[in-house]
Structure formats: C-alpha cells, structure tokens
Amino acid sequence: MVPKIRRGSRTHGLLVYLYSPGKRDEHIDPHLVGSWDGFAPDPGRDTSPDPDPKVTLARLTAALDLRVNQLGDKAPAQHVWHCSVRTDPGDRTLTDAEWNSVARRLVHAVNLAPEDDPDGCRWVAVRHADDHIHILATMVRGDLRRPRMNYDFKKAQAECRRIEQEMGLRRLKPGDGTGAKTPTSAERFKAERTGRTEASRETLREAVRHALAGAATEDEFFTRLREAGLRVKMRHAPSGDALGYNVALPGDRNRDREPIWFAGSTLAPDLSLPKIRRRLADGTAAQTTASAASGDRPDWFPPARERRNATGIAERATVLLDSDDDEAAAQLVGVGELLDAVAQTSPAATRAELGAAARAFERATRSHIRAEYADTRAIRSAARGIIHAGNALGRGEDGGTTAMLVSTLILVTLAAARWHSARGHAQQAHASRQTAEHLRAAYRQAAATPMQTLHDQGRALPEAERRTHETTIRAALAEQGLRIDSTSSKPDALTATLAQAKQAGYNPEALLQEAIDLRELDTADDVNDVLVWRLRRLAQLPAHPVEATRRPQADTGQPKTSNNRTSTRKTPTPAACPTTSSDPRDRPPRR
C-alpha cells in the first residue's frame with residue numbers, strides 16, 4: 001500500500017478531476033467512501049429527486065472550504081492536503097467499508113482529524129478505481145487553528161505498513177527517505193503519449209549515473225553529460241561559482257515549448273552537485289596501462305584486462321562489506337559505479353540484464369550511514385578503466401572476463417544485502433537481492449560458452465590426471481564442510497583449470513586453497529564456477545579457455561616455475577608475469 005502526498009490550493013479543481021472520467025476514461029464510478037462526518041454530499045451517488053452533479057460538487061466544495069473561508073486572509077495559501085493511497089496489483093480488492101477504515105486511520109495518523117476530536121479538519125475519500133482512493137482534506141481545524149502535521153509522509157507510511165499487516169495485504173519494505181523520487185502520473189502519461197518506455201526523469205537519472213561512473217573531475221563529468229546528448233544548464237552564484245546543474249532531454253518541452261529541466265538533486269539525493277563533488281574529492285587511483293600495473297598479460301585487449309583487474313577489486317569490496325563496518329558504505333557507491341560501467345560497455349547478449357542490475361542497485365547505494373574515512377579510489381578507478389577500455393565483445397577473452405567479473409559481482413551484491421539487513425535497511429537489502437538475480441541471469445548468458453569449453457577440456461584429460469585433480473578438489477572442499485557432489489555442476493571445468501594452472505607452473509593444491517580462502521563460499525550458487533574464475537584470475541589464465549588449448553607448450557618435459565622458463569616462448573607466461581598488487585591474496589603461490 002503506497003501513499004503519495006501532495007499539497008495544493010484549489011479544492012474545487014481537485015474535486016472536478018476526481019469525479020471526472022479521467023484523462024483516458026480510467027475513472028470508473030467515482031463516489032465517496034468516507035468523510036469527516038459521514039454525511040458529506042456525494043456528486044457520484046446523489047439520491048435527490050433531481051440530481052445535478054455540478055450543484056452537488058459545489059455544495060461539497062463549500063462544505064470542505066468552510067473553515068478556510070472563515071479564516072479569511074490568515075488561511076494558508078496551500079490549504080489542500082491530497083493523499084492518494086494505492087494497493088499492490090497482487091492484492092485483493094478492498095470494499096468501500098475497508099477503504100473508509102484506511103482513510104480514517106490515515107487522517108488520524110497524520111493528525112489531520114484525530115479520533116474523538118470534534119475540531120478535526122474536514123476531509124473526504126473518493127474512490128474511482130478498484131485499487132486506490134484519494135483523500136482530500138482542508139488544513140484548517142474547526143477551532144480555526146492549523147493542524148500540526150510534521151513528518152506526515154513518514155507517519156502515513158508507517159500507518160500503511162500496519163494496515164498491510166492487519167488486512168493481509170502485500171507488506172512493502174519501509175523506507176528511510178533516501179530513495180529517488182518516482183515519476184509523477186503526468187510524467188508517466190507523457191512518456192506513453194510520446195512512445196517512450198520510461199519517464200524523462202528515469203532516463204536522465206540513468207544518464208547522469210553513467211556519466212559519473214569513474215569520472216575523475218567535475219569537468220569530465222559535465223563533458224560526458226554533453227557527449228551523451230543531454231542539455232546541461234549550470235546555476236551560478238553572484239561570484240560566478242557553480243552552485244548546481246540542471247539537465248534536460250533534447251526535444252522534451254512543456255506546453256510553452258521550453259525545455260523541461262531537472263535539477264540533479266531532484267533526480268536522486270546523491271546526484272546533487274555538492275554530493276557529486278564530495279564523491280570526486282578523493283579522485284581515482286593513478287591509471288597505468290601496462291600489464292605490470294594489474295599483473296595481466298600484455299597481449300590481452302583493454303576490455304578484458306580492465307574486467308579482470310576489476311574482479312580482484314570487487315573481491316576486496318566483498319571482504320569490506322562482510323566486515324560489518326559502517327565505513328563499507330562508501331564501497332556501495334563504488335560498486336554502483338562499477339555496475340554502471342559494466343552495463344554501458346557489456347556485449348549485447350548481457351546488456352539488458354546488466355542494465356537492470358545497475359538500475360536495481362542504485363537504491364542500495366544510498367542510506368543515512370556516511371563513511372567518513374573510506375577510500376574508494378580503487379573501485380572507482382576500476383569503473384573508470386572499464387569505461388575507457390570501451391565496449392567488450394561477446395566472445396573470446398572479453399566474454400570470458402565478463403563472466404568472471406559478473407560471478408564476483410553476484411557475491412558482492414549478496415554481501416551488500418547482508419550489510420543493509422544488519423542495519424534495518426529493508427529497501428536497500430531488497431534492491432541488493434534483486435540485483436543479484438539480474439546478475440545471475442547475465443552470468444548464465446556470459447558463462448555458457450567458456451564453461452562448456454572447460455567442461456569438455458576437463459572430460460578430455462587423461463583419466464589418471466583427472467582423478468588426481470578431483471582428489472585435490474575433494475580434499476580442499478572437505479575442509480570447508482563441502483562435498484564435491486554437493487555442488488550444482490560436475491567439477492570438470494574446475495579440473496581443467498587446475499590442470500592448466502599446473503601446466504603454467506603453479507602448485508594446484510596451494511593455488512586452490514588460496515582461492516578458497518579468499519572469502520566464504522556459502523552464498524555461492526555454484527562453488528565450482530566461483531572457484532574456476534578465482535583460479536583463472538589468480539593464475540592469470542585466459543578467461544576464454546580456447547586460448548589455453550592453443551598456447552604453445554614447452555618441449556622440455558619439465559614443469560615450469562618462476563625460475564624454470566623455457567627460452568622458446570615468445571611472450572612471458574602467466575607464471576613469469578609480475579604483479580604489483582599490495583594485497584598478498586593477489587600473489588599466487590609458486591611450486
């Protein structure tokens with residue numbers, strides 16, 4: 001049950017709308033379901049011998065405005081309180097008597113017309129559809145005083161949560177006032193008329209988020225907005241300093257043919273210019289392009305290299321969120337930017353689900369908890385690197401590293417859900433879980449080809465070698481209370497990855513244990529898949545396994561280590577690639 005509160009100054013105008021057929025004839029059988037005294041005239045159900053709806057409407061207006069007119073010039077200019085209350089599409093249809101009870105409870109909860117108060121404000125509740133009512137009240141009491149209505153929205157929300165429970169309706173998640181403003185009815189109707197799939201407000205919000213993802217400076221942010229085709233208007237102080245900004249879609253104009261501008265703060269609380277400046281204040285980590293910066297092979301294309309680098313940074317964000325520290329709130333903002341960056345540059349096959357994941361997680365990035373000392377440069381730099389690397393292909397190493405990163409992001413969003421749940425952030429926790437569902441769908445699309453290839457390679461291994469690696473896997477998982485048969489897929493892909501890691505000069509047992517120790521596996525949908533991607537990142541194996549089968553092999557017959565490399569290789573092997581990461585977990589063990 002969702003209450004939406006507005007204030008206005010035209011009692012008669014609002015009543016005319018409520019009793020009209022509506023803009024698209026959506027108003028059916030408009031009538032009163034409740035009023036301040038139970039005897040208010042009803043233009044929709046007038047039982048007089050010669051009913052005239054216009055006359056009855058005028059009588060109802062005069063009755064509602066009686067106290068306002070008595071107060072004269074001292075009456076508030078915005079004297080109309082308007083609250084629409086809507087049930088969820090899956091809820092049962094409430095009776096008129098039940099809607100009357102809802103209306104009385106709400107005007108009592110917000111202190112408009114407390115029970116047993118004869119001087120309460122006058123109000124009516126109009127129903128013109130099965131799923132909602134409109135409450136109209138005039139904000140002057142019978143004793144000609146103004147009602148005390150502080151925090152009326154929060155009080156109405158709290159009462160709706162109680163009504164949902166008592167009437168057996170769908171229970172919505174309580175909010176904390178940090179959610180983005182939803183489109184108005186007028187904005188939604190305009191989007192439908194003009195053939196857009198969403199309101200301008202939502203399109204602009206996503207465009208601003210995309211421009212902010214990984215931006216290093218304020219100038220870069222505004223340049224990205226303009227390059228995206230948005231109209232940008234700055235607000236300046238008399239000194240010339242920028243105070244804020246407004247954005248508009250090209251061609252989106254009002255009836256006077258003027259652009260419809262939205263301030264950043266009206267798109268979302270964290271998109272105001274002061275809050276964007278606070279986010280940009282720490283900057284981003286120094287960008288390096290060579291493989292020495294990330295430890296990756298220099299022959300990998302930029303999109304694959306940046307996604308692989310972002311995977312390790314996302315792993316560390318998961319650890320911070322699991323630490324249950326309030327400072328982890330900053331990581332949520334960084335994860336949101338990382339999702340926006342991946343969604344913008346993802347292959348066509350996964351773009352829809354990744355875009356939906358980024359939009360869902362937007363709600364999880366905001367709460368009243370503010371991190372004072374957190375450093376988000378690493379994760380914002382990962383987003384920046386992905387943006388600058390450009391669009392990834394849906395095949396080859398780009399496709400494989402997309403699956404690698406998305407697999408890790410699933411665990412990050414589940415950690416975010418736990419972090420929010422521990423603090424009572426119901427909406428944010430729900431948004432995090434929704435994000436994980438979208439990411440799972442994207443992962444299945446991105447991982448299908450590389451994982452199938454790895455499964456085939458695992459089954460093609462010599463029987464003795466395959467059994468040796470399966471024994472290693474079984475022993476390592478047993479220490480974690482997991483069985484190799486308890487996972488949702490066979491360990492063929494994991495077996496193939498261990499064999500390739502050994503061929504590259506790594507100790508399979510030590511490397512597997514390190515991958516397991518990175519963080520818990522209890523929340524993993526498929527332990528084998530998670531370990532495959534961790535191992536391939538730690539051992540710097542190609543995310544697309546076809547490459548692994550095509551690599552030239554040394555003909556010495558000796559296992560390769562960091563001190564035993566054959567001279568026939570034209571490029572450094574993963575075992576020889578240095579890594580400069582300061583995190584010891586990113587330095588794989590050697591044999």
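Modeller: Two strands are said to pair if DSSP finds at least two bridges between them; strands (E, at least two residues) and helices (H or I, at least four) are DSSP runs, numbered from the N terminus. This is a predicted model, in which local features need pLDDT of at least 70 and side-chain atom pairs count only at pLDDT 80 or more, while totals for chains, interfaces and linings use all residues. Residues are numbered from 1 along each chain as its sequence is written, and side-chain values use heavy atoms, with hydrogens and water left out.

An open sheet is formed by 3 strands in the order β6-β7-β8, with antiparallel pairing. Its edge strands, each pairing on one side only, are β6 (231–236) and β8 (262–263). Strand β7 covers residues 242–248 and is joined to the antiparallel β8 by 2 bridges. Across from Ala263 in β8 stands Asn246.

A pair of aromatic rings is described by the distance of the centres and the angle of the planes. Rings of Phe, Tyr and Trp (its six-membered ring) pair if their centres lie within 6.5 Å; planes under 30 degrees apart are stacked, those over 60 edge-to-face, and the rest tilted. By this rule there are 3 aromatic pairs. The ring centres of Phe221 and Phe222 lie 5.0 Å apart with the planes at 55°, so this pair is tilted. Phe222 also pairs with Tyr245, in an edge-to-face arrangement with 5.6 Å from centre to centre and 75° between the planes. This second pair links distant parts of the chain, since Phe222 belongs to helix α8 (residues 218–227) and Tyr245 to strand β7, 23 residues apart. Together, Phe221, Phe222 and Tyr245 make one aromatic cluster.

How accessible are these rings? Buried means under 20% relative accessible area, exposed over 50%, and partly exposed in between (1.4 Å probe, protein chains only). Phe221 has a relative accessible area of 0% and is therefore buried. Phe222, at 6%, counts as buried too, and Tyr245 is likewise buried.

The wider chain gives this part its setting. The protein chain holds 22 helices and 8 strands, and 54% of its 591 residues are buried. Contact means heavy atoms within 4.5 Å; of the contacts between residues at least 6 apart in sequence, 72% join residues at least 24 apart.

A nonpolar core is a set of buried Ala, Val, Leu, Ile, Met, Phe, Trp, Tyr and Cys residues joined through side-chain atoms within 4.5 Å. The largest such core has 76 residues, and Leu338, Leu531 and Trp533 have the most contacts inside it. Helix α16 (residues 396–422) supplies the largest share of this core, with 12 residues. Apart from neighbours within four places in sequence, Leu338 touches Ala310, Ala314, Ile379, Ala382, Ala383, Ile386 and Leu409. A second, separate core comprises 28 residues, including Trp81, Val85, Leu106 and Val110.

Leu531 and Trp533 are also among the buried residues of helix α21. This helix (residues 527–538) is largely enclosed by the rest of the structure, because 12 of its 12 residues are buried. From first to last C-alpha, α21 reaches 16 Å, close to the 16 Å expected at 1.5 Å a residue, where the expected span is 1.5 Å times one less than the number of residues. Helix α14 (residues 348–361), with 14 residues, reaches 20 Å, close to the 20 Å expected for it. Among the buried residues of α14 are Thr350, Leu354, Gly355 and Phe361.

The cysteines can be treated briefly. A disulfide is a pair of cysteine sulfur atoms within 2.5 Å, and the count by this rule is 0. For Cys160, the nearest cysteine sulfur is that of Cys83, 6.9 Å away. Cys160 is buried at 0% relative accessibility, and Cys121 is buried at 2%.

Two loop residues complete the account. Asp29 has a positive phi of about 50° although it is not a glycine; it is found in the loop between α1 (11–19) and β2 (31–35) and is partly exposed at 39% relative accessibility. Asp116, again not a glycine, has a positive phi near 65°. Its loop runs between α4 (96–109) and β4 (123–127), and Asp116 is exposed at 78%.
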